[in-house]
Amino acid sequence: MGFTWHFGAVVLSLALVALVNGEDPYRFFEWNVTYGDIYPLGIKQRGILINGQFPGPEIYSVTNDNLIINVHNSLPEPFLITWNGVQQRRNSYQDGVYGTTCPIPPGKNFTYTLQVKDQIGSFFYFPSLAFHKAAGGFGAIKILSRPRIPVPFPEPAADYSVLIGDWYNLDHKRLQAILDYGHRLPNPQGLLINGRGGNDTWFTVEQGKTYRLRISNVGMQNTLNFRIQGHQMKLVEVEGTHTVQTTYDSLDVHVGQSYSVLITADQAPQDYYIVTSTRFTSKVLTSTAVLHYRNSGRQVSGPIPGGPTIQTGWSLSQARTIRTNLTASGPRPNPQGSYHYGLVNVSRTIRLSSSAAQVNGKQRYGMNGVSFIPADTPLKLADYFKIDGVFKVGSIQDNPTGQKSLYLDTAVMGADFRAFVEIVFENPENIVQSWHLDGYYFWVVGMDGGKWTPDSRKQYNLVDAVSRHTTQVYPKSWTAVYVALDNVGMWNVRSQFWTRQYLGQQFYLRVYSPVGSVRDEYPIPKNALLCGRAAGRTSR
């Protein structure tokens, strides 16, 4: 009862401050994280539920809203949630990964304070600690434009979140143990659409109306193709960027990515298959949902529509058609094309090459010769309290080492605030990879097969490249991005292939300003959890 009163007092005080100061609106969420029985593939499993739900509750918000999310950890182990694509402007303390935030202890709570500052679009959250992601705990995030900001398409009749992903029917603890013993995991056993298998999820439409689907790949590793029987999809937004409105029969959604499409219910009134299937796999996994016309006269029937399977060139060609709508407004009224990223001088080039190797007889993954190992203290807290010996800036190099072997280290790369950098993700392996940068969007200026060289810049798109937070890198290929480092903090760069992330394919980018001003970075939260060598210290 005491806790309930305290949190209510916080809510009231924040609301009063907002009213007095005319701040952006506050939205409050009370979440309880538990284990519970789920049956996503028809087999009983132990899942992670939020308020009894799998997937978790959807977060609905508007640009600049303040989200106060009080998370009670009722699991018997520590827990963290990260907010995939929410930039946490000047506030990496709230990012919800172990490099920035202490885990929530069992039986305790932590209140995240997020502001979706200058953001719109489609995102999702998920558990970032251990191998919890394989048990659930994920959900959709919608950030709508403010009413006075024009959106480049009419308001849809409804706005649906569609969470797709591959899934294991093995318990997440067993999966983690396999990795901890140094072995590789089997392939996932199935695919889910909004937490369910074949035809268990329905989306109801009315004939003649147009609907928005926000499609996010929340899975563990696989690229998924998404399509709807008899209907075309008009792409309108990718991870917070309004796009050139191109129409597709199907879309490749790589793990960690989000897309918004418009569909019009312009077919005969019956039910149609919504299909997702794996790409670039020897065995194709497929799952279906149902697009249900309200006046439907017939259930889904006939063969499930097929899609592309192993064709890398097809996917690459599609990726190159996804471009920014330069005349549309983003979260602000000025057009998205107002910032001419192609005219900014690049101050630094960082080349990141992935690799896999055995270290001490166990499978590991890394970048530029380093396989990441967590420290005993979150890196952001060690940086704030100036605790020596937790990490070393420069422990990962700007360029590949050329060596096939890996070594273990808590890899941190330093970067200057307001630098404008080029990052080249190089993939010498035979799988499709997916890379994410917390705290930022980047412009995907180029991707191609073969090895990257300085001459590769001649094919860069310096006009209307899509701006997003997660990009794919095709086998034996490269992808180049531009990033304006305008967000001070400690930011996770990671593979979205979760096994690889868990086994070291990640590092932290420390974007540093020597000024120490609140204009550049917010102070450590008063309610910050302190653990490791930061335990016993005072936040503020």
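This is a predicted model: local features need pLDDT of at least 70, side-chain atom pairs count only at pLDDT 80 or more; totals for chains, interfaces and linings use all residues.
Strand S7, which covers residues 121–127, is joined to S5 by four bridges, and the two strands run antiparallel. Both belong to an open sheet of four strands, whose order is S3-S8-S7-S5 and whose pairing is mixed. Because strand S3 (59–62) and strand S5 (81–84) each have a single partner strand, they stand at the edges of the sheet, and one side of each is left without a neighbour there. On average, neighbouring strands of this sheet are turned by 20 degrees against each other, if direction is ignored.

Empty space left between atoms can be found by rolling a probe the size of a water molecule over them. In this model, the count comes to five cavities of 30 Å³ or more.

| Space | Volume |
|---|---|
| Largest cavity | about 70 Å³ |
| Second largest cavity | about 60 Å³ |
| Largest pocket | about 1,100 Å³ |

The largest cavity is lined by 13 residues, and those that lie nearest its centre are Phe138, Asp166, Trp167, Val218 and Gly219. Strand S9, which spans residues 159–167, gives the largest share of this lining, namely five residues. Sorted by class, the lining of the largest cavity holds eight nonpolar, three polar and two charged residues.

The second largest cavity has a lining made up of Tyr93, Thr100, Thr101, Cys102, Phe110, Leu381, Pro525, Ala528 and Leu529. Seven residues of this lining are nonpolar and two are polar, while no charged residue takes part.

The largest pocket is lined by 37 residues, of which Asp118, Tyr339, Tyr441, Trp443 and Asp486 lie nearest its centre. When the residues of this pocket lining are divided by class, 14 are nonpolar, 13 are polar and ten are charged. A reader who wishes to find these places in the structure may start from the residues nearest each centre, including Trp167 for the largest cavity and Trp443 for the largest pocket.

Technical notes. Residues are numbered from 1 along each chain as its sequence is written. Side-chain values use heavy atoms; hydrogens and water are left out. Two strands pair if DSSP finds at least two bridges between them. Axes are lines fitted to C-alpha atoms, for helices over the stretch in contact, and angles run from 0 to 180 degrees between N-to-C directions. On a 1 Å grid over the protein atoms alone, a cavity is a set of points where a 1.4 Å probe fits but cannot get out, and a pocket is an open set with protein on both sides within 12 Å along at least five of seven lines; lining residues have an atom within 4 Å of a point. Grid points are joined across faces, edges and corners, and a volume is the space filled by probe spheres set on the points. Ala, Val, Leu, Ile, Met, Phe, Trp, Tyr, Cys and Pro count as nonpolar, Asp, Glu, Lys and Arg as charged, and the others, Gly among them, as polar.
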